[in-house]
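Biologist: I'd like to learn how to read a few features of this model. Could you take me through them one at a time?
Modeller: Gladly; have a look first, then ask away.

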Amino acid sequence: MDTIMNLLWIALKILAIVLPLTISVAYLTLAERKVIAYMHSRIGPNRVGFLGLLQPFADVLKLLLKEMVIPSQSNRYLFLAAPVLVLAPALAAWAVIPFSKGLVLANINAGLLYIFMMSSLSVYGVLIAGWASNSKYAMLGALRAAAQTVSYEIAMGFAFVGVLLAAGSMNLQTIVLAQSGNILHWYFLPLLPLFFVYWISGVAETNRHPFDMVEGESEIVAGFHVEYAGAGFALFFLAEYANMILISAVASLLFLGGWLSPFEGIPLLENVFAFVPGLVWFVLKMGFFLFLYIWLRATFPRYRYDQVMRLGWKVLIPITLIWIVVVSFAVKFNIGPWFNQAGV
Amino acid sequence: MIQQFIFYLFSAMAIATAAMVIISKSPVRAALFLVVTFIASAGLWILLQAEFLGLVLILVYVGAVMTLFLFVVMMLDMDGIELRSGFVQYLPFALIVLSVMLAFIILAVWHTSFGLGHANPSKETAAYNNIALLGSVLYTQYAYPFVLAGALLLLAIIAAISLTFRGTRNAKKQRVEWQVSVRAQDRLYKTSMKNEKRL
């Protein structure tokens with residue numbers, strides 16, 4: 001009985017994470033179209049509902065009502081399983097994200113490793129989708145995607161190593177609390193190169209512009225999901241945006257102090273803004289990174305494929321390796337104001 | 001109760017998918033079943049409170065090694081029937097190896113040395129940190145073997161590259177530093193043309 005209640009409680013918590021996440025994904029698509037539209041001096045979607053606010057629901061409805069086309073000669077089961085395999089890790093990673101102090105589904109010690117693991121799993125769905133749809137464009141897109149994800153994962157992993165060296169823990173809550181003090185204690189300052197490397201490889205991991213080699217409309221039609229229509233396509237879309245939000249969340253946890261207030265430690269403002277719950281700051285920081293995603297998309301042209309690989313292997317990884325050594329020395333010799341606190 | 005349920009779930013999954021790796025006809029499917037086997041055994045490790053090993057198993061084997069493996073298998077158009085052509089020919093040898101391995105396994109997991117009494121996982125508190133413990137042993141007691149293993153891996157990387165690298169014969173190499181340092185003035189120039197006279 002107790003176990004069942006426990007399981008029910010966990011299921012409710014999962015629902016409390018996944019539902020807002022899905023709605024955020026829906027509105028992120030709208031925000032993306034709107035922001036890019038304004039950057040192009042257009043208006044963007046404004047017909048469905050007030051100011052176009054119901055547009056995402058119209059899109060979802062359209063996609064769900066469309067026919068699922070299964071290509072002939074394709075591997076039926078794998079073809080249908082692929083979107084699920086992309087979406088599942090994108091959602092599962094949210095289990096360890098602390099939204100505020102103590103507000104986390106699973107407060108595990110190896111949280112950072114868990115997130116890294118989940119992001120490395122998402123490549124399977126892409127590979128399987130490309131292979132199972134029995135199309136050369138999908139196959140090429142999948143191979144590109146997998147190569148890109150595997151390469152940038154290394155740079156991202158090294159950025160994580162820098163953070164866990166600085167915080168002395170893999171627990172995400174501990175990492176955030178290690179950044180408390182004031183805004184200068186956030187890790188974006190001592191780990192600035194790693195912050196940039198993390199962000200660039202995060203954009204590359206999610207296969208977003210300017211690293212959207214996977215889709216590359218002008219080169220390989222639409223990449224690995226070219227054969228998908230209707231609900232399958234919707235799931236890929238959902239996973240991509242859920243991954244974007246995840247990368248933004250992890251970036252704000254690791255480098256921008258998660259739920260910590262930016263006014264912490266400033267005499268007067270600290271008290272003025274004390275009433276704001278940590279969740280609000282966390283969401284605001286995530287919003288900043290999401291805006292950055294859209295901004296990048298509106299600004300940069302697509303990378304050439306060999307240059308993507310060169311950037312990953314020959315620029316980002318050496319930077320992280322050097323900065324890990326620097327951070328190790330800073331931690332060893334307690335260089336302030338970041339690494340001289342007791343207990344770190 | 002729930003722990004046992006999870007244990008049996010993962011064990012059944014590991015055994016079933018491991019069998020499928022051997023049985024399945026298509027190499028890609030076999031590789032995918034192997035992925036599931038890894039995930040199931042990682043789940044078992046996490047159940048034993050070895051969360052670091054479990055996560056690293058998924059990270060390294062599933063996230064990196066099997067991805068590259070799948071890459072290769074997907075690129076090669078392998079025929080399942082051709083792969084099992086020598087089945088009868090190799091069967092006697094395989095049976096000998098099988099019986100020897102089975103004997104070892106039975107010796108190891110016979111009921112006198114196997115069971116919950118022998119392998120009951122210790123119940124640790126929430127403060128128990130698997131990673132810190134592993135690290136402290138790895139970097140003190142086993143520091144030299146650890147460094148040695150690292151050197152060996154480096155050697156393997158260099159050996160693999162030098163074996164497959166055939167030099168740059170007739171290669172049209174892109175000089176990235178030249179590409180990056182190019183300015184518009186190097187490539188474009190403005191000309192002012194005279195207006196043509198009206199005839």
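Biologist: Is Glu240(A) buried or exposed?

Modeller: Two notes before that. This is a predicted model, in which local features need pLDDT of at least 70, side-chain atom pairs count only at pLDDT 80 or more, and totals for chains, interfaces and linings use all residues. Residues are numbered from 1 along each chain as its sequence is written, chains are lettered from A and ligands numbered from 1 in the order in which they are written, and side-chain values use heavy atoms, with hydrogens and water left out. Now the general idea: buried means under 20% relative accessible area, exposed over 50%, and partly exposed in between (1.4 Å probe, protein chains only). Glu240(A) has 16% relative accessibility, so it counts as buried.

Biologist: With which residue does Glu240(A) form a salt bridge?

Modeller: A salt bridge is a side-chain nitrogen of Lys or Arg within 4 Å of a carboxyl oxygen of Asp or Glu. The partner of Glu240(A) is Arg208(A), with the closest N and O atoms 2.9 Å apart. Helices here are DSSP runs (H or I, at least four residues), numbered from the N terminus. Glu240(A) sits in helix H9 of chain A and Arg208(A) in the loop between helix H7 (192–205) and helix H8 (217–220), so the pair ties together parts 32 residues apart in sequence. Arg208(A) is buried as well, at 3% relative accessibility.

Biologist: Which residue pairs with Asp212(A)?

Modeller: Asp212(A) forms a salt bridge with Arg302(A), again judged by the closest N and O atoms, 2.9 Å apart. Asp212(A) lies in the loop between H7 and H8 of chain A, and Arg302(A) in the loop between helix H11 (278–299) and helix H12 (305–332), so this pair ties together parts 90 residues apart in sequence. Asp212(A) is buried at 1% relative accessible area, while Arg302(A) is partly exposed at 26%.

Biologist: How many cavities are there of 30 Å³ or more?

Modeller: On a 1 Å grid over the protein atoms alone, a cavity is a set of points where a 1.4 Å probe fits but cannot get out; lining residues have an atom within 4 Å of a point. Points are joined across faces, edges and corners, and a volume is the space filled by probe spheres set on them. The count comes to three, and the largest cavity holds about 250 Å³. Its 18 lining residues include Val126(A) and Glu205(A), among the closest to its centre. H9(A) gives the largest share of that lining, five residues.

How values were computed. On a 1 Å grid over the protein atoms alone, a cavity is a set of points where a 1.4 Å probe fits but cannot get out, and a pocket is an open set with protein on both sides within 12 Å along at least five of seven lines; lining residues have an atom within 4 Å of a point. Helices (H or I, at least four residues) and strands (E, at least two) are DSSP runs, numbered from the N terminus.
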